[in-house]
Amino acid sequence: MLQAVPEDLFTPDAKLVVALSGGLDSTVLLHLMVQWQQQHPQASLRALHVHHGLSANADSWAQHCLSLCQQWQIAGEVLKVEVDGRAQGIEAAARQARYAAMIAALNPDETLLTAQHQDDQCETLLLALKRGSGPAGLAAMPQRMLLAGHPLVRPLLDCSRQQLEAYAEQWQLRWIEDESNQDTRYDRNFLRQCILPQLQQRWPQFAATVSRSAALCGEQEQLLDELLAEQLAALIQPDGSLLFTSLLPMSEARRNALLRRWVASQGGEMPSRAALSRITHEVMLSREDAQPRLQLGRYEIRRFRQQLWWLPLQPSLRDEVLFWPDQRTALVLPSGLGCLVTGQQPEIRRPESDEVVSVRFQAQGHFHLLGRSGGREMKKLWQEMNIPPWQRERVPLIYYNQTLICAPGLFVTREGAANALSGWQAIWKK
């Protein structure tokens, strides 16, 4: 029977935060940790409850969790979040919002504890099988991992739900029941309500043996991480891009293993086998003068100068026009690009009385730049300045009426040259 938290999980002075939903699992975890903290007075313990607002009972659940914390004399906090399931479904969106809120609420030296148990591990592995995941997905949930720089620990991962129920009965614990857990339209609930009971009735140790398989897959992935670490480090550039030329002659298995680990290093979700094939054939092997892009969820992979880049999706600024009538006042740029301010160096001429100053994010045509002989097409100029395609429409360009004058910090056109008597400087503060 479940009795206590393993002593080797935490240091005696650990700063611990329990993710408290108020259900059976997290209530048992919090009760165990309260007892552990009483035996380790140098340690600190508090709880976070995430209020999703998805149920009519959400307010009463939050109050229940606060009352529980008060009863057990630990600090408790309710974090309210908004969940938008249109893009990825309610389950995934709620999970993402929940973890984002808890991470934001953690202090730098705190460890987050969550209450997933052996049966959860079994469900996670079966869902990974349904998706056609490889060993990384089948490894399911590790007991320890880093989440946005914070340690995340799952102390109950080796315990069955039956053990948690027995513990709760022994200590006469009270918990809430989320009515959405009965809704078998959700995959995890379908497994929990309809499939796993039959499997465990036939094979009582099913969850335990599945968890063992997940652990073995995890060991294989860890071994691959160690074997590929040196080669991956040599391919990843200081800016996070991946030099891919040496990947092309490799076997598909090795190339895919390295690509997966690069995506993981950029904070991306594990790409499918089909997505990895598209990265190779549609991005890396596209023609030399192409500007390939492959969208993966909220990110995209781009290629530039034999390097792959993992980039968040950005709104297009092609049609943006910002007027800047008073250059003594800073001009705030869209999409988090910073602002433009006036400097003291006379780099560009002042506008004539009939010239309107504006800022745009695209230029097409043939231009003559100061300091360069002859004119060039804008595309060629960007290439010579080593500006990747996705950044070219995010560089602010100053126009007088319809005439391109300069790109602050990058170039001044012949038409924008300052004269001997007066001039000004535009500075892009990012």
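**Contacts, spaces and backbone of a predicted chain**

Leaving aside neighbours within four places in sequence, Val263 is in contact with Gly268, Glu269, Pro271 and Trp310. This is a predicted model. Val263 is part of helix H9, which covers residues 252-265. Trp310 is 47 residues from Val263 along the chain, yet the C-alpha atoms of the two are separated by 7.4 Å. Is Val263 buried or exposed? Its relative accessible area is 1%, and because the limit for burial is under 20%, Val263 counts as buried.

The chain holds 12 helices and 20 strands. Its radius of gyration is 28 Å, well over the 22 Å given by the globule rule for 430 residues, so the chain is more spread out than a compact globule. Along the principal axes, the C-alpha atoms fill a box of roughly 90 × 50 × 40 Å. Of the 430 residues, 46% count as buried. Among contacts with a separation of 6 or more, 65% are made by residues 24 or more positions apart.

Empty space comes next. Rolling a probe the size of a water molecule over the atoms shows where such space is left. How many cavities of 30 Å³ or more does a search of the whole structure find? The search finds 1. The largest cavity contains about 40 Å³ of space. Strand S2 (44-51), helix H2 (58-71) and strand S3 (75-80) are the elements that give two or more residues to its lining. The lining consists of Leu20, Ala47, Leu48, His49, Cys65, Leu66, Cys69, Gly76, Glu77 and Val78. By class, these lining residues divide into 7 nonpolar, 2 polar and 1 charged.

The second largest pocket has a volume of about 810 Å³. It is lined by 35 residues, and those closest to its centre are Pro389, Trp390, Gln391, Arg392 and Glu393. Four elements can be named here: strand S9 (299-304), strand S10 (307-312), helix H11 (378-384) and helix H12 (389-392) each give two or more residues to the lining of this pocket. Which of the elements gives the most to the lining? That is H12, with 4 residues. The lining of the second largest pocket divides into 18 nonpolar, 7 polar and 10 charged residues.

Most residues other than glycine have a negative phi. Arg305, in the loop between S9 and S10, has a positive phi, near 50°. With a relative accessibility of 44%, Arg305 counts as partly exposed. Gln172 also has a positive phi, near 50°, and is a residue other than glycine. Where does Gln172 lie? Its place is the loop between helix H6 (161-170) and helix H7 (187-202). Because exposed means over 50% relative accessible area, Gln172, at 72% relative accessibility, counts as exposed.

Definitions and conventions
Residues numbered from 1 in each chain as written. Predicted model: local features only at pLDDT ≥ 70, side-chain atom pairs only at ≥ 80, totals over all residues. Heavy atoms only, no water. 1 Å grid on protein atoms, 1.4 Å probe; cavity = no way out; pocket = protein on both sides within 12 Å on 5 of 7 lines; lining within 4 Å. Points joined across faces, edges and corners; volume = space filled by probe spheres on them. Nonpolar A, V, L, I, M, F, W, Y, C, P; charged D, E, K, R; others polar. Rg over C-alpha atoms; globule rule 2.2 N^0.38 Å. Buried < 20%, exposed > 50% of the residue type's maximum accessible area, 1.4 Å probe, protein only. Contact = heavy atoms within 4.5 Å.
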